[in-house]
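Please load the model in your viewer and keep the selection panel at hand. The tour goes chain by chain and then across the interfaces.

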There are 4 protein chains.
Amino acid sequence: MDLGMIGLGRMGAGMALRLRRGGHRVVGYDPDVHAAAQATAQGIETVDTLDALVAALAPPRALWLMVPAGAAVESTLEVLHPLLAAGDTVIEGGNSHYADSQRRAAALAEDGIGWLDVGTSGGIRGIDAGYSMTLGGEAALVERLQPLFATLAPSAARGWGRVGPAGAGHYAKMVHNGIEYGLMQAFAEGFAILHHKQEFDFDLAALADIWREGSVIRSWLLDLSAEALHRNPALAGIAPQVADSGEGRWTVAEAIALDVPAPVITHALIARLRSRDGDAFGDRLLASLRGAFGGHGVPQRGETDP
Amino acid sequence: MDLGMIGLGRMGAGMALRLRRGGHRVVGYDPDVHAAAQATAQGIETVDTLDALVAALAPPRALWLMVPAGAAVESTLEVLHPLLAAGDTVIEGGNSHYADSQRRAAALAEDGIGWLDVGTSGGIRGIDAGYSMTLGGEAALVERLQPLFATLAPSAARGWGRVGPAGAGHYAKMVHNGIEYGLMQAFAEGFAILHHKQEFDFDLAALADIWREGSVIRSWLLDLSAEALHRNPALAGIAPQVADSGEGRWTVAEAIALDVPAPVITHALIARLRSRDGDAFGDRLLASLRGAFGGHGVPQRGETDP
Amino acid sequence: MDLGMIGLGRMGAGMALRLRRGGHRVVGYDPDVHAAAQATAQGIETVDTLDALVAALAPPRALWLMVPAGAAVESTLEVLHPLLAAGDTVIEGGNSHYADSQRRAAALAEDGIGWLDVGTSGGIRGIDAGYSMTLGGEAALVERLQPLFATLAPSAARGWGRVGPAGAGHYAKMVHNGIEYGLMQAFAEGFAILHHKQEFDFDLAALADIWREGSVIRSWLLDLSAEALHRNPALAGIAPQVADSGEGRWTVAEAIALDVPAPVITHALIARLRSRDGDAFGDRLLASLRGAFGGHGVPQRGETDP
Amino acid sequence: MDLGMIGLGRMGAGMALRLRRGGHRVVGYDPDVHAAAQATAQGIETVDTLDALVAALAPPRALWLMVPAGAAVESTLEVLHPLLAAGDTVIEGGNSHYADSQRRAAALAEDGIGWLDVGTSGGIRGIDAGYSMTLGGEAALVERLQPLFATLAPSAARGWGRVGPAGAGHYAKMVHNGIEYGLMQAFAEGFAILHHKQEFDFDLAALADIWREGSVIRSWLLDLSAEALHRNPALAGIAPQVADSGEGRWTVAEAIALDVPAPVITHALIARLRSRDGDAFGDRLLASLRGAFGGHGVPQRGETDP
C-alpha cells in the first residue's frame, strides 16, 4: 500500500523502513530538515511540505502521524486537515491523550476523513522485532489498511488489533505505559536490593541472565535490564534522574477518576518525581522538625548522610 | 546421576519426572503416603522412609529437599542429618529464608556434608518448560552436580547458575518473588483500569494477546494474564483475596534493613494484605471521623457504597 | 456588618449564627425551602430569592456563598452576577477548585465586583470553636470585611488571614484537606494495628486519651478519634467505606503537576478508593494468576479468607 | 518519692528536673561523665556507679532507665539486675522493642523484681509541658508509683496511664511513633506542594499559623512546623536527609505480621529511606532502561535534571 509518514524521528523512520521492507511505498515528511535528510539517506522517499506529501499520494490517502504528542500533533493537523479529502485517513501513532484523539476523530469525521489511533509499543527496536499496536477507530478502516499493520506488527496476524472506537487505541497504550512504569520500578527495586546486599556481592547481570529463562519474571524488560547491567555493571556515570512522559500521569489520573486503586502504578510515577526532586523541601522540613521535638541534630548541606 | 527427592508435591514430583526423562535415576520420598502413591503412579521410584532413601543411594549422595519452607524443612533435616555421611550433599530447593539456609549449611558442614540452596522459579509448568534456578553454595559442588541442573533448567547452559555462597541462592529467589509481586500488581492494576473504562468495553483477553507480541510489557506473567482472561473474562466467581507466602514479606524486610526504598514491591504486598482485610478497622474509623467533623453521614453495614 | 449568606446547610447556617452572635446582621437564602425554614427556625432572617437577598442589603454588598462546590456555585453565580453592582463583593467559602475561583474572580472583576475565596476549615463544630480561614483576593477587600472574619475565626486576630490573590485561599484549603487525608489515614492505620494486637487487648479510647495530653501526636483529629472510640469502641455497624470529596484528588493532581512527590497524601486517597472498591477486579486477577503459575487454589466467592 | 534515674541525656535529665520540681528526690547516674557533670550543674544529685545508685536508695527502690534502646539497655540491665532485691522496680522509659521488654520483665520477675515499660512521648519540651506516658506492667506497681507519673505527666490525672501488661507500654509507643511518621510526612508533603506553587508565593509560616487555630489539622506537629518555618522560611542550609530510629521500622514490621495494611505509615518510612539513598541504584537502572528501549538520552552525572 501507499502511506504518507509524517514525522521521521527514531520511531517514524523505523516504521517507514519496516514498511518499505514489506513492499509498501512510503513517502515521508518531517518539518525538521535534518531528520528528513537522515531519512533520505536511509533510502526513504521524502518531500518538503505537507502539501507535497498529500500531492504525492493517490486518494484515498493514508497519512500516519508519528510526531511528539501535544502541540506538534495539534499544529500538524491544523495544516493537514484542510489538505485532505473525504475518504482519506489519518492514523495517529504517537502517545496522544485518548480524549484528544476522540476530539480529533470527530473533527475529521465532519469532513468525511477517517481516523485511527494506534497505541504503538516496542520502542526503537521495533524496526526489526515489529511493533505492538492497539487500534482505535472504525472496523472497516482497520480492515482496509490491514496490510500496513500486518507488516509493522511482529507477525501478520499477531501483536496488533482493533480494540475499540476512536480513542480506545490510545487509551490502551496509556494503560500499557502505566503498567510499564510499574514493571520497571519493580525490577529497579529488586536489583537495588541485590546491589546493596554486599555480603553476597552478586553479579547482577549474570543473575538477570539466569532469570531470563524459565523464571516467573521472564520478560522483555528483564532482557533489557540484563543488557544494561552487562554493558555497565555499576551503572557508573548515570545520573539517578528518571524522566516521565505524560502517559504515566494520565494513567494515574484515570485510575483516580474511575475510583480504581492503583498504588503500584502511582508509586512508580511518584518514585520518578522523587528522583528529580532536587529541592526536597519536605525532607528538609522533616529534618528540621526532628530537631525541634527530639533534639536530634539537624543535618546541614555538605555534611554526609547522618 | 542418582538423586534422592524428598517431597513429592506438585513441584517435587514435577522435578523428579523431568530428571527421569533426562536419564537420571530418582528415588523419591514423601511423608504423606498419598503424595508418595501418586508419584509412584506417575512412575517415580519411591521409598517409605528417609532411612530407606539414604540406603537406596550410593555415596556420595545427593538429596534434594522440596518440602514447604519452615517447620517441614527443619524437621526433615533433623532426621536426615544424622543419616548422612561426609561427602553427601543436601540441596534445598524450596522457598526458605536465606538466613536459615546459611545456618543449615554451617551445621551440615561441621560433619563434612555439602549444601546447595536453589532458588527455584517457574512454577508447576516447569516440568515441561524447565526450571529457572539460582544456586548458593560451593562452586565445586555445583560443578559436580551440574548434570542435574542442566536437565532441570530450560536448557543445559542457560536458566541456572551459581550466584554466590550458601544462602545466596535463596536470597536471589526471595528478591525474585518480591519483583514478581510488583509485576503482578502492575498488571492487575492496569487491567482493572481497563475493566472499569466502560466507555470502551474492552475485550481484555484480546488486548492482552496483542501486547504479548512486540510490546514493551511482553512477559510470561502477561501470557498467564491473557490465559486467565480468556478462561474467565469476567473473572466470575473468584474471590478478591490474594494470599502471600513469606518471600514478599522478607523482601520488604530486607529492603528496609538495607535502607533501600522499595515502594512498589512494598505496596504490592500491602495490596494483598488489604485484599484479605475483612475487618477494615481503620476504614471504619475514618468513616466515623468524617461524620464527626464534617457532619457527613456514616455508612452503615448493609448500606450500599455512599 | 451586613452580610448575605447564600446556602444555609450545616456550614452556612452555622456561620450565620456565629456572625449574628457577634453582632452582625445576616440575611440568608437557600434554594432548598427546607433548609431555609430550618434556618428561620434558628432565628436567621431569610428571604426567598436571590433578588430579594440583594435587595435586602445596602451597597456595597457582601454576599457569602456556602453551597456545594461545582455546579451549585456555577449556577448561583450565573443568577447572582447580573444582580450585583460595582463595589459589591462575592465571598466564596466552599471547597471550590482554585482555578474555578480564579476564573470567577476575573469574570466579576470585569464589572467591578470584588472577590474573596475563603478556604474554610473546622467543620460543623466551628459554630462554637470558630472557623479557620485562608483568604484569597485583594488586600483592601480583606481589610474592609475584617470584622466578619474576626467574628467567624476562633479569635479576632488569629486563625484567619489573607494568603494571596484570588484563588490562593482555595488552593491553601485544597492542600489543607490533602494533609488532613494523610493525618486521618495515619491515625486509622495506627489504631488498626493496635486493634489487631489481640495479645494486649488495648482499650483504644483510653489509649487515645493518654496521647491527647503531651504526646507528639496530640491533635484535634486525635481528639475526635478518642471521641469516636469512646462512643463506639468496636466501631460496630459502621461500614468500611470512606468517601472522598474533590480536594484530596486535586491535591494529588497538583502534586504531580508540580513534580512534587507526595506518596502519603496520595496513598491516603488510594486507601479510600480501595475501601469502596466492591469489584476488586485486580485482586481477582491476582488470585487467578497465582493459581495459574503456582498451582495454588483459587479462592471462590463465598469461601472464607484463604 | 525517691527515684534513681539511669541516663541523664536530654530526656533523662529533663525528667529528673521535672520530678525534682514536683518534690521528689531523684538520684541520677550516667556512664558518660560529661552528661553526669551537666546534670550535676543543673542541680541533680548524681552518683558515679550503678552500685552507688542502688546504695543511695532505700528499698523498695524504683530505678528509671532512660538510655538508648538496644545495647545500652541490655548492658545496663546486666549490671543492674544482680544489684537489685525483690520488691525493687525497674522502669524502662526508652524506645525499646516491646518483645525485649517482655523478655526483660520475665527475667526480673524470676527474682521478684518489678517491671514497668513506659512509652514516653513529648520530646525535649516535656520538661515544661509534661510527658505523655503509656505504661505496661502490673496494675499494683502502677498504683504504687503513681506519684511519679502524676508529676511527670502534663497533669496529675491525664496524659498517662496503664495500657496493659509488660510490653504493652512500649508497643503503644511504637505505634505512636509510626503514626507520628505518617503525620510528619503528610505535613511535609503539603508544605512542599505549597512551596512549589510559585504562582501564589505563599508565606508558609503565616499560613501554618492560620491553620493552628480552628482548622481540622491543628496539632502540635503543625505548631512545630510553623515555628520551623518562621525560624528559617526557606529551610536554607538544611540537608534533605531524614533519619529514622527503630520504631517506625518496627511498626511497619508489626503491621505486616498482623496482616494490617498500613500504606501511609509504611510510606512515611520509605520516604525517609529515599531521602538518604545517595546511591539510587534503582533510579540509575531506570534511566538506563529508558535509553535502551525508548532511545531517550541517558542523563549523566553532573548534568542538570533532564
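Axes here are lines fitted to C-alpha atoms, for helices over the stretch in contact, and angles run from 0 to 180 degrees between N-to-C directions; contact means heavy atoms within 4.5 Å, while helices (H or I, at least four residues) and strands (E, at least two) are DSSP runs numbered from the N terminus. This is a predicted model, in which local features need pLDDT of at least 70 and side-chain atom pairs count only at pLDDT 80 or more, whereas totals for chains, interfaces and linings use all residues. Residues are numbered from 1 along each chain as its sequence is written, chains are lettered from A and ligands numbered from 1 in the order in which they are written, and side-chain values use heavy atoms, with hydrogens and water left out.

**Stop 1: the sheet of chain A**

Select helix 1 (residues 10-21) of chain A, which lies across strand 1 (2-6), strand 2, strand 4 (62-65) and strand 6 (114-121) of chain A and runs at about 165° to strand 1 of chain A. The open sheet of chain A has eight strands in the order 3-2-1-4-5-6-7-8, with mixed pairing, where two strands pair if DSSP finds at least two bridges between them. Strand 3 (45-46) and strand 8 of chain A are at the edges with a single partner strand each, so one side of each has no neighbour in the sheet.

**Stop 2: from chain A to chain B**

Next, select the residues of chain A that touch chain B: 65 residues of chain A are in contact with 65 residues of chain B. The area buried between them (accessible area, 1.4 Å probe, that two parts lose on being put together, summed over both) is about 5,800 Å², of which carbon and sulfur atoms give 73%. In chain A, Ile193(A), Phe200(A) and Val216(A) lose the most area to chain B, together 12% of what that side buries.

Four salt bridges (a side-chain nitrogen of Lys or Arg within 4 Å of a carboxyl oxygen of Asp or Glu) are found across this interface of chain A and chain B. To display a salt bridge, pick Glu213(A) and Arg158(B), whose closest N and O atoms are 3.4 Å apart. Colouring by element then shows that helix 9 of chain A gives the largest share of the side of chain A that touches chain B, 18 residues.

**Stop 3: the sheet of chain C**

Moving to chain C, select its open sheet of eight strands, ordered 3-2-1-4-5-6-7-8 with mixed pairing. Strand 5 (residues 89-92) and strand 6 (residues 114-121) of chain C run parallel and are joined by four bridges, with Ile91(C) opposite Leu116(C) in strand 6 of chain C.

**Stop 4: from chain C to chain B**

How many residues of chain C are in contact with chain B? The count is 64 residues of chain C with 64 residues of chain B, and the buried area is about 5,600 Å², with carbon and sulfur atoms giving 64%. The count of salt bridges between chain C and chain B is zero. Finally, select helix 14 (281-294) of chain C, from which comes the largest share of the side of chain C that touches chain B, 14 residues.
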